[in-house]
Amino acid sequence: MTVNTNDIVKLSAVEMAAKVKSGEVSSRELVDAHLEVIEAAEPSVNAFLKVSADVAREQADAFDAKSADEKAALPELAGVPIAIKDMIVTKGIETTAASKILEGWVPPYDATVIEKLKAAGMPILGKTNLDEFAQGSSTEHSAYGPTHNPWDTERVPGGSGGGSASAVAAFEAPLALGTDTGGSIRQPGALTGTVGVKPTYGGVSRFGAIAMASSLDQIGPVTRTVLDSALLQEIIGGHDKRDSTSIPEGPRPMAAAAREGMKRDLKGLKVGLVKELGGEGFQPGVEARFNEAVALLESMGAQVTEVSCPHFPYALGAYYIIMPSEVSSNLARYDGMRYGLRVMPPAGVPSTAANMMAYTREAGFGDEVKRRIILGTYALSAGYYDAWYGSAQKVRTLIIDDFNKAFEQCDVLVSPTSPSTAFKFGEKMDDPLAMYMNDIATIPANLAGMPAMSIPAGLSDDGLPVGFQLIAPQQRDEVMYKPAAALEAALEEQWGGPIWQSLNTPWLGE
């Protein structure tokens, strides 16, 4: 049969999987359709650092060649292609973390999540762009140029995972993986009108995720629907003995919770509005869409109450001490000795190991990475460790206590995902503090290891997407999937279809 590219790429991953299962389309046809869109969209979006067309076709052909019984034993999303943030190692496919210091590095092994995707028969379309070493909130800090927001290519897609979010929003991929350290999946989700999920810390293996801040990093799904995220999280989740922080229990029943949520019955669900995550500093359009979404939750039977988390205002300060401290430690390994870039000292400078390391790191790291390494090294230095790092960890404990008290009163917490819609390129580049403020609502969940997700809540007055954040208790990821799916269904009924139907896509010839 002839596959209409525009029709097929606009389906949800679940719908694509159903067509593959019925024999209506093959996995190879899905891959070819998305590669066609990538070729057309990339000049204006720049979501990919590396397109692995041959690998994806080979994997799709291998899936299509399986017997009906073999296919039936695979997860529901089998045969559906996926894009991978270039912070996750992929055997045989260049992995750079969007940094010059890793340019040309081809990993000899796969991350655990990649092994799981391959076992599930999901072809890998390529590696997506990000802020260098996942450090940024706009994808402007990539060493290979910024990614553009498909809703307005003069605006940022958020960060650090702007590449994965833009690829999914632009129909270059039906699914993607990202990493979330302080909001790097959820904030780009809010700015691009996609669904972004940060699972419970330890719920998805970090083995093979290039470390930024090890106590905060978490791999998670980037999709266009809540159910797609639930099914993808069930595939990549579970215990891994190669990750010492991996939770022994297997994935929670997230897809079942999402399907239950689609019935739009939230009677008995207690929803907490976090008082500290809203108000001053949040755009009026963002607040308006958020309040409308809360009203929809109430109309479906949810009980909404305001809860106070008094230490949340200190989360940003604590995060920007803890995270750079871990960055300075984790990035010490990039020294030109073992792999990646090596820059020898110029003539007249002694060719010592120390000089080679200094010149390599100067040439290989970008400004934002250097800023965070210096900040972290200072915070960990003798005489300042207790004053800075020690104090930040105490604040972290207080934030965990805030969450625990809030969850005694309610089942799920909600807030806007980002204080603003997508901003223009360069608008915040000269003001790091203004840039850091983008993560004010997402950081608390990372500090406490809580699962959280962002779903589209409509368009602001400026015609750009707004994100709605849900946070659940640790190891209870399914609790946020039910209200998220219910809200998604109610909003789509209100809009007359998904949010992206109002997205202008010239690369699809529309």
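Q: Where in the structure does Lys 85 lie?
A: Lys 85 sits in strand 2, which covers residues 82-85. Keep in mind as we go that this is a predicted model.

Q: Is Lys 85 buried or exposed?
A: A residue counts as buried when its relative accessible area is under 20%. For Lys 85 the value is 0%, so this residue is buried.

Q: With which residues is Lys 85 in contact, leaving aside its neighbours within four places in sequence?
A: Its contacts come from several parts of the sequence, so let's take them in order of number. They are Lys 127, Thr 128, Leu 130, Ala 134, Ser 160, Gly 161, Ser 164, Leu 177, Gly 178, Thr 179 and Ser 184. With Ser 160 there is also a polar contact between the two side chains, at 2.8 Å.

Q: What is the place of Ser 160, and is this residue buried or exposed?
A: Look in the loop between strand 3 (124-128) and helix 7 (162-169) to find Ser 160. Its relative accessible area is 0%, so Ser 160 is buried. Beyond four places in sequence, the contacts of Ser 160 include Lys 85, Asn 129, Asp 131, Gln 135, Thr 139 and Ser 184.

Q: Which residues does UniProt list for "active site"?
A: The unreviewed UniProt entry gives Lys 85, Ser 160 and Ser 184 under that label. These residues are spread over 100 residues of sequence, yet they cluster in space, with a largest C-alpha distance of 10.8 Å. Of these residues, Ser 184 is included in the lining of the second largest cavity.

Q: Where does Ser 164 lie, and what does its side chain reach?
A: Ser 164 belongs to helix 7. With 1% relative accessibility, Ser 164 counts as buried. Its side chain reaches the backbone oxygen of Leu 177 at 2.9 Å, and it also makes a polar contact of 2.8 Å with the side chain of Thr 128. Not counting residues up to four places away in sequence, Ser 164 touches residues including Ile 84, Lys 85 and Val 222.

Q: How many residues of helix 9 are buried?
A: First, the general idea. An α-helix has 3.6 residues a turn, so residues three or four places apart point the same way. Now the case here: in helix 9 (residues 226-236), 10 of the 11 residues are buried, so the helix is largely enclosed by the rest of the structure. Among the buried residues are Val 226, Asp 228, Leu 231, Gln 233 and Ile 236.

Q: How many strands form the open sheet, and in what order?
A: Strands of a sheet pair through backbone hydrogen bonds, either parallel or antiparallel. Here 11 strands build an open sheet with mixed pairing, in the order 1-3-2-4-6-5-10-11-9-7-8. Strand 1 (48-51) and strand 8 (303-307) are the edge strands, and each of them pairs on one side only. On average, neighbouring strands of this sheet are turned by 25 degrees against each other, direction ignored.

Q: In which sense do strand 9 and strand 11 pair?
A: Strand 9 (residues 412-416) and strand 11 (residues 465-471) are antiparallel, with 4 bridges. Leu 413 stands opposite Ile 471 in strand 11. Strand 9 is mostly covered, with 5 of its 5 residues buried.

Q: Which strands does helix 15 lie across?
A: Helix 15 (residues 386-409) lies across strand 7 (270-274), strand 8, strand 9 and strand 11. The helix runs at about 115 degrees to strand 9. Asn 404 is one of the residues of helix 15, and its relative accessibility of 39% makes it partly exposed. Asn 404 and Pro 473 are 69 residues apart in sequence, while their C-alpha atoms are 7.9 Å apart in space.

Key: Residues numbered from 1 in each chain as written. Predicted model: local features only at pLDDT ≥ 70, side-chain atom pairs only at ≥ 80, totals over all residues. Heavy atoms only, no water. Buried < 20%, exposed > 50% of the residue type's maximum accessible area, 1.4 Å probe, protein only. Helix = DSSP H or I, 4+ residues; strand = E, 2+ residues; numbered from the N terminus. UniProt positions renumbered as here; feature names shortened; annotations may be inferred. 1 Å grid on protein atoms, 1.4 Å probe; cavity = no way out; pocket = protein on both sides within 12 Å on 5 of 7 lines; lining within 4 Å. Contact = heavy atoms within 4.5 Å. Polar contact = N/O pair within 3.5 Å; in protein donor to acceptor, adjacent residues only side chain to side chain. Pairing = 2+ DSSP bridges. Axes fitted to C-alpha atoms, helices over the stretch in contact; angles between N-to-C directions.
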